[in-house]
Amino acid sequence: MPSAEHRLGLRTLYIIPSRFGMVWLAAAALLLLVAIQTGSNSTLLIAFLLLGLMLLAMFLTHDNLQGITLRCGEPSPGFAAEPMSYPLRLISPTPRQRLQLRFQGQAPQTLEQLSAGETGIGLSWTSGSRGWQRPPRLLLDSVAPLGLFICWARWQPPLPQLVWPARRRGPVQDQTPPRQQEGLNEWRDLRPHRPGERQALVDWAGAAKGRPLQVKLFQDPGDAERLLAPAAGVPREAALQHLAERIWQLHHRGERYGLCVSGRTVAPATGLRHRDACLALLALA
């Protein structure tokens, strides 16, 4: 497996004149040609000064990236077709000027200043597929400090990121047990009696049989459990997307739900870990 970190050096950095640098070089060449034709020492001095600054800019721009170490963080899951953040750590022995990072085909992110030491950033990218996916190739470039050259490096981060199915509204198979009626006649459990509680909730029938005094716990409508599964007749990928959206909704409503996909079942529960477990099952189904 490729290393989870990458150090920028002579063998991994590339540098060419920028557009502004090409104009600068053309102006220096024109001045040099005029100086030769006219024999003007002052014009010749200006031409050599421009060329000297351009040569200096090449070393400064290359040095602005050399020695930086790129390291992968621990990616968090995200939904397909939605922007996700991929964690990167930039380790630099000295401060650096304006850097630009982007995944190939994605929007760039600019760092105006990179401090010495370790700096963490989250670089945005979007995946069109679910499952374990690696982001596109990372591009890091800089034109600082003079803008005459552009220096860049490429790196493929090796750590994959779990991508959940895209969320889309649609039908799912919902095996919620039907409730016949609601009210105080439906109770699900017993717990010890506490002083001051309503007498109507006491399990008097059990107390008459010599059991300890207990209180009935009644079924709440919000406690109904749902077992979700792909809807019949819906294409597989679309069904997984419908389930992802339904899970997201039920989680935010605080309802209990489970999931049955590809012969695997996640028992009904609530909470963030349960949500992530269900979405991970969909991503890898």
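Is Cys151 buried or exposed, and what is its relative accessible area? Cys151 is buried, and its relative accessible area is 0%. Keep in mind that this is a predicted model.

Let me stay with cysteines for a moment. Cys260 is partly exposed, at a relative accessible area of 29%. Which cysteine sulfur is closest to the sulfur of Cys260? That sulfur belongs to Cys278, and it is 11 Å away, too far for a bond. A disulfide needs two cysteine sulfur atoms within 2.5 Å. By this rule, the count of disulfides is 0.

Now the aromatic rings. How many aromatic pairs does a search of the whole structure find? The search finds 5. A quick reminder: a pair of aromatic rings is described by the distance of the centres and the angle of the planes.

Take Phe79 and Trp164. Their ring centres are 4.9 Å apart and their planes meet at 65°, so this pair is edge-to-face. Where do the two residues sit? Phe79 is in strand E4, residues 78–79, and Trp164 is in strand E12, residues 161–164.

Together with Trp164 and Trp248, Phe79 makes one aromatic cluster. There is also a charge here. The charged end of Arg167 sits over the ring of Phe79, 4.9 Å from the ring centre.

Next pair: Tyr86 and Phe103. Their rings are also edge-to-face, with 5.8 Å from centre to centre and 90° between the planes. Tyr86 lies in strand E5, residues 84–92, and Phe103 lies in strand E6, residues 96–103. They are 17 residues apart, and the pair links distant parts of the chain. Both Tyr86 and Phe103 are buried.

Strand E5 takes us to a sheet. Look for an open sheet of 4 strands, in the order E1-E3-E5-E8, with antiparallel pairing. Which strands stand at the edges? They are E1, residues 5–7, and E8, residues 117–125. Each has a single partner strand, so one side of each is left without a neighbour in the sheet. On average, neighbouring strands of this sheet are turned by 25° against each other, direction ignored.

Let me zoom in on E5 and E8. They pair in the antiparallel sense over 9 bridges. Which residue in E8 does Leu88 stand opposite? Find Ile121, and you have the answer.

Methods:
Residues numbered from 1 in each chain as written. Predicted model: local features only at pLDDT ≥ 70, side-chain atom pairs only at ≥ 80, totals over all residues. Heavy atoms only, no water. Phe/Tyr/Trp six-rings, centres within 6.5 Å; stacked < 30°, edge-to-face > 60°. Buried < 20%, exposed > 50% of the residue type's maximum accessible area, 1.4 Å probe, protein only. Lys NZ or Arg CZ within 6 Å of the ring centre and 35° of its normal. Pairing = 2+ DSSP bridges. Axes fitted to C-alpha atoms, helices over the stretch in contact; angles between N-to-C directions.
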